[in-house]
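Open the model in your viewer and keep the selection tool ready.

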Amino acid sequence: MTLHPSGGIREAPVPTPRRKKLIIALVIVLIVLILAVLVVWRLSAAKHLSSGGFGGRGGRFSGASFGPMPVGVASIGTADVPVIYQALGTVTPLATVAVRSQLNGQLTQVAFHEGQMVKAGDFLAQVDPRPYQAALGQAEGALARDQALLKEAEIDLARYQGLAAQNSIATQQVDNQQSLVHQYEGTVKADQAQVDMQQLNLTYAHITAPVSGRVGLRQVDVGNYVTTGDANGVAVITELEPISVLFAVPEDDLQKILARMHSGASLPAAAFDRSQTVQLALGKLSAVDNQVDVATGTVKLRALFDNRDHALFPNQFVNVSLTADVLKGALVMPVPAIQRGAQGSFVYKVNGDSTVSVQTVTLGPQDGQRVVVQSGLKAGDRVVTDGADRLKDGAQVEMPSARTAVAPAAATGHAKWQHKPGETGHHHTPPGGA
């Protein structure tokens, strides 16, 4: 109901059935129109997607529908590329000797300090020599006595031989005297061996360093009774100059390393700290193990370092970089230019008409900045390094002056290169294939 201007109340007109049908028809027409607009918009969007108009695979607008796309470009250049194998290694001394007493006795002197650098033959400790000096005197006395008996027997033998020549005595007496001389000769030799043994014991009582190196913590103090069975010994000496690093490489890389070694080449090896930022020492490969570890599929190698500054410490973990070869004048390009798809590694090559084409490439060794190109490109070719995710084969590109000079790959010289290309680069499948 509604309020009439005169103050009365008037009932609202009731819509007729014909009017209701008209309203319903208008609503239905409006809904159909909205649905039709949505369908047309979706079909138009799908058409643009299939032609690379809206976003393509990267979800952005491509240059095919909205003009040339700005990209970063670098040129293919040449450089001398060292091929480097990297591995985790352990610093291993060439000699670690536990100095033990070779006879029993009381320790009367210790002549070294903990951590002292010693040379082979330096005096370390003294075992009480008096019992062995007395034993030496006894052995020397027995030797002198038996030498006198031997001398007497030899004189008698000479006398008997003269008498036997005159048929004054029996031949049997001469033979017996000859046998007695031989017995004394044997006794004298045994006595001499005893004298030598006691002299050797006196030498053992004076303990010296068997190798050059650093003495560890002292294992025994003066006044202790040491024996030949002591497990810890008197001291432990570790050789530091030179020192080696043991590391392992995959068996697939072994033939390349052996080929270089058999050709007489000296393979440089560098030891870096845990973060691979500080070079601790520089040496060379010295030996290869004689078998492959079947559990890991690797082969152990030993690199030798002078270590005059003692930068390498025994049992320290280091990162080893072994330079196996140098590729002279190799083609190189920036790593960001690499794209990866179902067909393998590829790049977007910039053509003379400012379009790009998909070019499949074969890659070689690389580092964090550049990678060797074994096939697919030549020196002077230009490749896209930035904005490749918005491109497709045949797309028009624009190279701003600020981008054309980004990361030129034509620099020459040496850098640290890793042997395996790895999986660096962008995984991207080019529209239209390669």
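**Stop 1: a loop with Gln 276.** Select Gln 276, which sits in the loop between β17 (268-272) and β18 (279-288). Strand and helix labels follow DSSP runs, numbered from the N terminus: helices are H or I with at least four residues, strands are E with at least two. The phi angle of Gln 276 is near 60°, a positive value in a residue other than glycine.

Before you move on, a note on the source. This is a predicted model, where local features need pLDDT of at least 70 and side-chain atom pairs count only at pLDDT 80 or more, while totals for chains, interfaces and linings use all residues. Residues are numbered from 1 along each chain as its sequence is written, and side-chain values use heavy atoms, with hydrogens and water left out.

**Stop 2: Ser 354.** Now pick Ser 354, in the loop between β22 (344-350) and β23 (356-360). Its phi is near 65°, again a positive value in a residue other than glycine. Ser 354 counts as partly exposed, at 23% relative accessibility.

**Stop 3: a cis bond.** Go to Pro 242, in the loop between β15 (235-238) and β16 (243-250). Show the peptide bond from Glu 241 to Pro 242. That bond is cis, with omega near -5°.

**Stop 4: two helices.** Select residues 130-165 for helix α3 and 171-205 for helix α4. How do α3 and α4 pack? Their angle is about 160°, and their axes are 8 Å apart. Axes are lines fitted to C-alpha atoms, for helices over the stretch in contact, and angles run from 0 to 180 degrees between N-to-C directions. The two helices are therefore roughly antiparallel, a term for angles over 145 degrees. The residues of their contact divide into 19 nonpolar, twelve polar and six charged. Nonpolar covers Ala, Val, Leu, Ile, Met, Phe, Trp, Tyr, Cys and Pro; charged covers Asp, Glu, Lys and Arg; the others, Gly among them, are polar.

**Last stop: the whole chain.** Zoom out. The protein chain has six helices and 28 strands. Of its 434 residues, 34% count as buried.

Methods: Angles under 35 degrees count as roughly parallel, over 145 as roughly antiparallel, 65 to 115 as roughly perpendicular and the rest as oblique. Buried means under 20% relative accessible area, exposed over 50%, partly exposed in between (1.4 Å probe, protein chains only).
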